Structure formats: C-alpha cells, structure tokens
Amino acid sequence: MATLGAHAVLPPPLTSTSDPPPLFDGTTRLYISYSCPFAQRVWITRNYKGLQDKIKLVPIDLQNRPTWYKEKVYPENKVPSLEHNGKVLGESLDLIKYVDVNFEGTPLFPSDPAKKEFGEELISHVDTFTKDLFISLKGDAVQQASPAFEYLENALGKFDDGPFLLGQFSLVDIAYIPFVERFHIVFAEVLKHDITEGRPKLAAWLEELNKIDAYTETRIDPQEIIDLFKKRFLKKPNLVGRRDSPDSVHPILKAQGRTTSMATLGVQAVRPPPLTSTSDPPPLFDGTTRLIPCCTSVIIAPMLNELQDKIKLVPIDLQDRPAWYKEKVYPENKVPSLEHNGKVLGESLDLIKYVDANFEGTSLFPGDPAKKEFGEFLISHVDTFNKDMYSSLKGDAVQQGSPAFEYLENALGKFDDGPFFLGQFSLVDIAYIPFFERFQLIFADVFKHDITEGRPKLATWIEEVNKIDAYTQTRMDPQEIVDRYKKRYL
Ligand SMILES: N[C@@H](CCC(=O)N[C@@H](CS)C(=O)NCC(=O)O)C(=O)O
C-alpha cells in the first residue's frame, strides 16, 4: 500500500543499541515514533511546508528506547521533540506552531482574525476531543463518541471557502487528523460503524485530507492501529460482543448496497451444512445432478437459471474433507465439481459454460459473434487477472493492482447496451465477480482503498451485480473473507 511503501524509504527507528546522532551539531532533528499520533502532527507540518531537507526525521523505537534519548535529548522521554538551534522543544501542539512560525514554506495558520480565533479555540479543544473519544471506548462507543464527531461536523460548517476546519488546510486539521484517522479505522473495523455516516462534512474533510501527500505519507498500516487499540483500549467484553452482533452492518457491506448483515439475511441458514470427514457420501450416481461448490462463481449459474431443483448443492468442508470425495467423486479432490449424467466434471470456467449449455433457463452467453469473441477473450483472461491481483498483495497493492482494475474498467467500455461486460449479464460477469468481490473487500479493509474510485464503469458494474439475487445469495460473510485473506496472503 502507498502508505507502507512510503515507509520503505524512511529511516529505521533507533533502538536501545543505536548510537545517538551527533547532537547539537546544528542539524534540526524531529524525533518521532512512526506510530505516535502526536508526533504525526509535527511530521505532517514538516512535510507540508516542504522542510524535508531542513528538518531531519529521527524515528525512535518507543518499546526499546535508547537511554541517551532521555539523558541527552529530551528529559520528558516522549515523542515528538524537536532539536533546533541548540535547544530541544516538546509538545506537539506547541511544535506545529513553532515549525510554522520559524521555518519557511506555506503558512499554516490564517491571519484573518475570525479564522485565527476559531482556530485557537479548536486547537485548545483537541485534547478534550481525543480524551472523550478514548473514554467512549470503555462504554457504548458509537453512542458516547457521537457528540465529539458532531462537534467536528459542526465546526466544519463554520467557514465555507474550503472543506477544511478553517476553510483552507491549516494546523487545526493537522491537530485533529491523526486521532480522527485512528478512530475512523477502529470504529469501522471493530465496531462496524462508519463515523462519517450522516456527517457529510466529516466525510468530505477526510476525503480531501486523503489527497494531501504530506499527510498520507505519515499514515501507518491500519492493521497496526487496530491491533494496538485492541490490545490497549478495547478489552471490554461489550465491545467484543458488538463485533459479532448480527445487527451491526460492516461498512463495506453498506458500500456494496447491503443493508443488513449476513447473519440477519439468514443466507447461511438456507444453505446445507458442509459435509466433513465423518459425513457419509450422498447416494452417488443415482441420477441426481450434484454440484460441489467452492468460491461462489459456479453456484450462480444454476441459481440464476432457477435450477435449484435440478442441481443439488453439496458443500463440503475443505478443512475436514471427506475421504470419499477424492476416492469416489472427484480424484482431483478440488471444488467445484459437478456430478451429472453418470460423470463428474471439474474446473469452474468449464462448468459455468457446461451448466449454461446443458440446462434450461436464460442463456448466459450471447449469440452475437463480437460479444462471443470478446466474452471468450475475457474469460480466458480471468486467471491472469487473479494471479496479478494475488501478487499485488505482496507489494504495494494499490499501485500494483491498478493495471488489473484498469483492464476491467476498459473492458466495461466495450459494449454500451448495459452495465455488464457484454452489455447484459453473462458468464463473463460470473467468472470475475467472486474474485472481484474479495479484492474489493480486501482493498477497502486492509489498504483503505476503494478500487472503484476514479473507475465509474467498475462502480456501476459492481452496483448492478449487487442487485442480482442469484449472486448475492452466494456471498460469504465479508468478515470471514477478510480474516481468511489476512491469514493466507497478507
Ligand atoms: N502531550 C504530548 C504527548 C506525547 C506523547 O504522549 N507521546 C507518546 C507516544 S504517542 C510517548 O512518547 N510516550 C512515551 C512515554 O510516555 O513514555 C504531545 O502532544 O507531544
């Protein structure tokens, strides 16, 4: 991800075994910890004013702090601190003003008296604001934190010459954002609550801030924030309870147009339970057509064709696979497979075509030669698409995944008689959607990146696909997808 990529070029933190820098040699040094929101304020200020060459960043490892930091640099032993002109200064709110006034670069505090006064008021309120947020975590966080976010929403309405707290970007935004960023992530991930919901100004503010490199370069991995909060601030059982509450709707579910969680949809309830190593085999080759499904793609076709009665769904538990599956059903021992007319067939891309061609119901592949050709081409590309996506997860995913999504965006421009790849919904959409669904979740959840941003056709496509019951019925719980991916790929 971009933010992690940025860290790659940043210096490693100094630890208890690191030598001190040549102190008081005339260099201006900003001591920070990469994960400290207070330090982040000064770091953003330095970046925004373009002072990268003037103020040297010295990250230290707070968990394994060098003793010379307290003894020789900053007796308070906290970050941030700034070594400048033979002195060391601390306190982030003082430091952002100090850097703004004493260094070159765009001034970050307005001179207009009304803005100045309101700016001072907001800055003097920020400690109360953060304290209220931290306290909210001990109770019903969503409810108790609400006044703090409402305060910001109201403050954002004060000046209308820009989306920031004083209209234009200023030290006030810098004072608030490191904390809002953390609570935004934690509320979304842990409490399944989007703090920008019903707060359009807050939403716009975050969106605009996320366009400012000086800030985005200072962000840390959201997972690190979640882990830290879980460890330090989120031990209360009522919060853990909320996580699994069937009433809470994951923000990404909402983004996908779902208004209720999987649990309340009862989707799992109507699906037969997966067969395990202790389950008896079904009465094989008795004339029943059985589909052993995997990822959702191959289930969709029968659903859409209303073939539920014709094709029996037999899920198996891959983690605890019945031995008879390999021995008697499908020697490849993979899913999906289809038992039909005394034979067992495999390979999802072949199966979707097979089901489409050999069963009744709406045809899912167009007869038009141009569409047919492009459809075949897109289907033959889906494995490459997936491979590219999986390898992007190993690097700077947002950047490396981009060409694959651009490919889809372009493909969606080919036929204009509908929002799908071949205009109307077809096997091509079915081939891509299960993977797209997963990557959309992972990118949103892990990399805080909306893959439909700047890709209007892709946004419409996913919106339209999400209206198709045959597909939505096959979706898994997003949290399960995210957890699995994190464990396996990230
Ligand atoms: N009020 C200070 C707070 C700084 C602060 O608490 N920093 C934390 C890291 S986020 C720290 O250095 N903690 C180390 C300690 O307290 O020993 C400021 O705004 O700069």
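## Parallel pairing of strands E5 and E6

Strand E5, covering residues 289–292, pairs with E6 in the parallel sense over three bridges. Strands are DSSP runs of E of at least two residues, helices are runs of H or I of at least four residues, and both are numbered from the N terminus. Two strands count as paired if DSSP finds at least two bridges between them. Within this pair, Thr 289 stands opposite Ile 311 of E6.

The model is predicted: local features need pLDDT of at least 70 and side-chain atom pairs count only at pLDDT 80 or more, whereas totals for chains, interfaces and linings use all residues. Residue numbers start from 1 along each chain as its sequence is written.

## The four-stranded sheet

E5 and E6 belong to an open sheet of four strands, in the order E6-E5-E7-E8 and with mixed pairing. Its edge strands are E6 (311–313) and E8 (343–346), each of which pairs on one side only. The twist from one strand to the next averages 25°; axes are lines fitted to C-alpha atoms, for helices over the stretch in contact, and angles run from 0 to 180 degrees between N-to-C directions.

Strand E7 (residues 337–340) pairs with E8 in the antiparallel sense over four bridges. The bridge partner of His 340 is Lys 343 in E8. The hairpin of E7 and E8 has two residues between the strands, and Asn 341 takes a positive phi near 50° in this hairpin.

## The nonpolar core

The largest nonpolar core has 60 residues, of which Leu 30, Ile 32, Val 42 and Val 172 touch the most other members. Such a core is a set of buried Ala, Val, Leu, Ile, Met, Phe, Trp, Tyr and Cys residues joined through C-beta atoms within 7 Å. A residue is buried if 20 or more other C-beta atoms lie within 10 Å of its own, exposed if 12 or fewer, and partly exposed in between, with C-beta atoms placed from the backbone.

Helix H7 (residues 171–189) gives the most to this core, with 13 residues. The core lies between domain 1 (2–102) and domain 2 (113–243), because both give residues to it. The domain bounds come from an automatic or database domain assignment.

## The ligand shell

The ligand is surrounded by residues including Ser 33, Cys 36, Phe 38, Leu 62, Asn 77, Lys 78, Val 79 and Pro 80. Gly 90, Glu 91, Ser 92 and Leu 93 are also among the surrounding residues. A residue is near the molecule if its C-beta atom, placed from the backbone, lies within 6 Å of it.

The shell divides into six nonpolar, four polar and two charged residues. Ala, Val, Leu, Ile, Met, Phe, Trp, Tyr, Cys and Pro count as nonpolar, Asp, Glu, Lys and Arg as charged, and the others, Gly among them, as polar.

## Backbone exceptions

Most residues other than glycine have a negative phi, and most peptide bonds are trans. A cis peptide bond joins Val 79 and Pro 80, with omega about 5°; Pro 80 is placed in the loop between helix H3 (67–73) and strand E3 (81–84). The bond from Val 335 to Pro 336 is also cis, with omega near 5°, and Pro 336 lies in the loop between helix H16 (323–329) and E7.

Phe 24, although not a glycine, has a positive phi of about 50°. Phe 24 is found in the loop between helix H1 (2–8) and strand E1 (28–32), and it counts as partly exposed because it has 14 C-beta neighbours inside 10 Å. Asn 85 has a positive phi near 55° and occupies the loop between E3 and strand E4 (87–90). Asn 85 counts as exposed, with 10 C-beta neighbours inside 10 Å.
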